[in-house]
Amino acid sequence: MNTGQNTAIVGLQWGDEGKGKIVDLLTAKHDVIVRYNGGANAGHTVVVGDEKYALHLIPSGILYEEKLCIIGNGVVVDPVQLIKEIDTLRNRGIEVGDNLRVSNRAHVVMPYHKEHDAALERKLSQIAGKGDQSIGTTKRGIGPAYADKVHRATAIRMGDLLDHETLLDKLSITCAIRCAELSALGVDAPPLDANALADEYAAYGKRLAPHIIDTVYELHDCVNDGKAILFEGANACLLDIDHGTFPYVTSSNCSALGIHAGTGLPGKYMNKVIGIMKAYSTRVGGGPFPSEELGEKGEQIRDRGNEYGTTTGRPRRCGWLDLVAVKYSTMICGTTSIACMLLDVLSGFEELKICVAYELEDGTRSARFIPDAKQLATAKPIFETLPGWSEEIVDITSPEDLPVNAKAYLDFISKYLDLPISIVSVGPKRSQTVI
Ligand code: GDP
Ligand code: IMO
Ligand code: MG
């Protein structure tokens with residue numbers, strides 16, 4: 001039977017909290033690492049010694065040879081990206097074979113999804129008299145691929161890549177519809193060729209066939225064998241399609257609520273939910289960000305934290321820690337403890353601001369988050385100011401050695417969230433962690 005040691009890792013802000021580092025760290029204590037949502041819009045960084053790995057689709061547990069990595073049914077998989085990632089890892093001496101399984105029910109990101117993503121963003125940025133209405137997506141085709149999942153008749157799943165006839169059959173329908181949509185969006189490209197696409201993607205299917213299985217039964221077998229599962233969330237709670245800052249969100253349930261649908265494992269198997277948060281806030285793309293710091297302090301955070309996207313290289317918008325937002329995410333995710341990341345970035349600030357409530361349009365004060373972009377944009381942050389610390393903390397490994405003001409900053413967070421902080425991260429390496 002299951003040992004009850006299953007853990008979820010979930011981002012509590014707008015992504016890039018350092019989930020990859022924590023998944024890598026906790027992989028040692030688990031047997032199976034499973035991705036349940038998103039696709040190659042995610043960019044999870046793992047640093048081992050002097051080696052840096054950026055993972056987009058493959059779970060961050062892949063660096064441990066003896067662990068099983070699963071891409072669950074809730075993920076949208078771009079086979080081109082997946083093959084590239086497998087090859088890159090293999091070229092760097094990382095074993096990727098029977099230790100990687102991909103759900104036959106995961107939906108496929110096709111080239112026309114990426115074209116559609118880019119074309120729609122372009123169109124949204126040029127609506128006459130409306131200003132820029134684009135979402136600021138990663139242009140990885142995520143939204144259009146999930147849209148096809150919901151449309152059903154036009155969807156392609158990983159299992160379809162294994163059967164040329166089925167694939168061609170489906171693509172003949174999809175290409176006809178997609179061609180019309182792309183041309184309506186102003187894409188001036190030759191018509192989609194179902195035959196050529198079927199040949200190309202069946203070849204990817206052949207290459208990936210050893211990995212493609214029914215991961216739902218596989219995961220239940222693992223649980224019944226007493227194996228410990230680590231769920232790796234991609235994106236983050238405030239980007240959740242239902243619970244984030246809609247419409248400036250991604251297209252999946254990237255809070256902990258997506259775990260069950262995205263893996264086929266029900267809630268009774270969840271023991272711990274570790275919420276991952278930065279010691280400040282960042283956001284990539286459009287959307288409201290009440291505690292954003294547009295001045296010099298924001299630049300300082302970006303420089304010290306090297307806040308540039310792992311997937312797109314875009315500079316991340318930076319700001320102060322918003323505990324109203326984080327507390328909301330801990331509620332949605334059922335968080336049982338916190339990992340506070342990138343605390344080292346805050347060394348050298350004389351004062352640190354923390355958003356503890358919002359002033360609403362009618363002048364009232366509220367400590368409730370507002371998961372709606374238009375309304376949230378009208379909220380003004382109410383800050384508490386805490387004293388900073390000047391010492392660099394990148395070599396600290398024990399909680400007692402943290403500067404007094406850093407400890408006070410963490411205590412403030414823990415008290416506000418009413419949760420223990422079980423991990424503090426002071427640098428990208430495995431060793432730069434205070435447990
Ligand atoms: P993820 O998407 O949540 O996995 O996060 P990303 O990998 O996109 O972004 C986090 C970045 O911060 C990566 O470059 C990590 O190597 C780096 N990082 C993680 N933890 C720390 C930390 O405690 N301090 C510093 N300075 N960098 C960190
Ligand atoms: P990780 O897992 C940061 C953001 C995009 C954009 C919005 C929608 O690395 O934390 P999409 O391409 O998903 O349709 O874009 O969501 N976004 C992320 N931002 N980190 C991520 O993942 C993200 N995944 C999506 O920037 O604003
Ligand atoms: Mg990232």
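Predicted model: local features only at pLDDT ≥ 70, side-chain atom pairs only at ≥ 80, totals over all residues.
A disulfide is a pair of cysteine sulfur atoms within 2.5 Å. A search of the whole structure finds zero disulfides. For cysteine 318, the closest cysteine sulfur belongs to cysteine 340 and is 15 Å away, which is too far for a bond. Cysteine 318 is also buried, its relative accessible area being 1%. Cysteine 355 likewise takes part in no disulfide, since the nearest cysteine sulfur, again that of cysteine 340, lies 16 Å away. Cysteine 355 is buried too, with a relative accessible area of 0%.

Attention now turns to helix α6, which runs through residues 194-208. This helix has 15 residues and spans 20 Å between its first and last C-alpha atoms, close to the 21 Å expected at 1.5 Å a residue. Which residues of α6 are buried? They are Ala194, Leu197, Ala198, Tyr201, Ala202, Tyr204, Gly205 and Leu208. These residues cover an arc of only 155° around the axis, and so they sit on the same side of α6. The buried residues of α6 are covered by elements including α2 (79-91), α3 (111-124), α5 (164-184) and β9 (212-213). At the start of the helix, a side-chain oxygen of aspartate 193 comes to within 3.0 Å of the backbone nitrogen of asparagine 195.

The next stop is ligand 1, which has 19 residues around it. Those that come nearest are Lys19, Gly43, Thr45, Asp344 and Ser425. Several polar contacts can be followed atom by atom. The side chain of aspartate 16 has an N or O atom 3.0 Å from an oxygen atom of ligand 1. Glycine 20 places a backbone N or O atom 2.8 Å from an oxygen atom of the ligand, and a polar backbone atom of glycine 427 is 3.0 Å from a ligand oxygen atom.

Lysine 278 belongs to strand β11 (residues 272-278). Is lysine 278 buried or exposed? Lysine 278 is buried, because its relative accessible area is 1% and buried means under 20%. Beyond its neighbours within four places in sequence, lysine 278 is in contact with Gln13, Gly15, Asp16, Glu17, Glu307, Arg316, Leu321, Met341 and Leu342.

Definitions and conventions. Residues numbered from 1 in each chain as written. Chains lettered and ligands numbered in written order. Heavy atoms only, no water. Helix = DSSP H or I, 4+ residues; strand = E, 2+ residues; numbered from the N terminus. Expected span 1.5 Å × (residues − 1). Buried < 20%, exposed > 50% of the residue type's maximum accessible area, 1.4 Å probe, protein only. Arc of directions from axis to C-beta. Contact = heavy atoms within 4.5 Å. Polar contact = N/O pair within 3.5 Å; in protein donor to acceptor, adjacent residues only side chain to side chain. Near = heavy atom within 4 Å.
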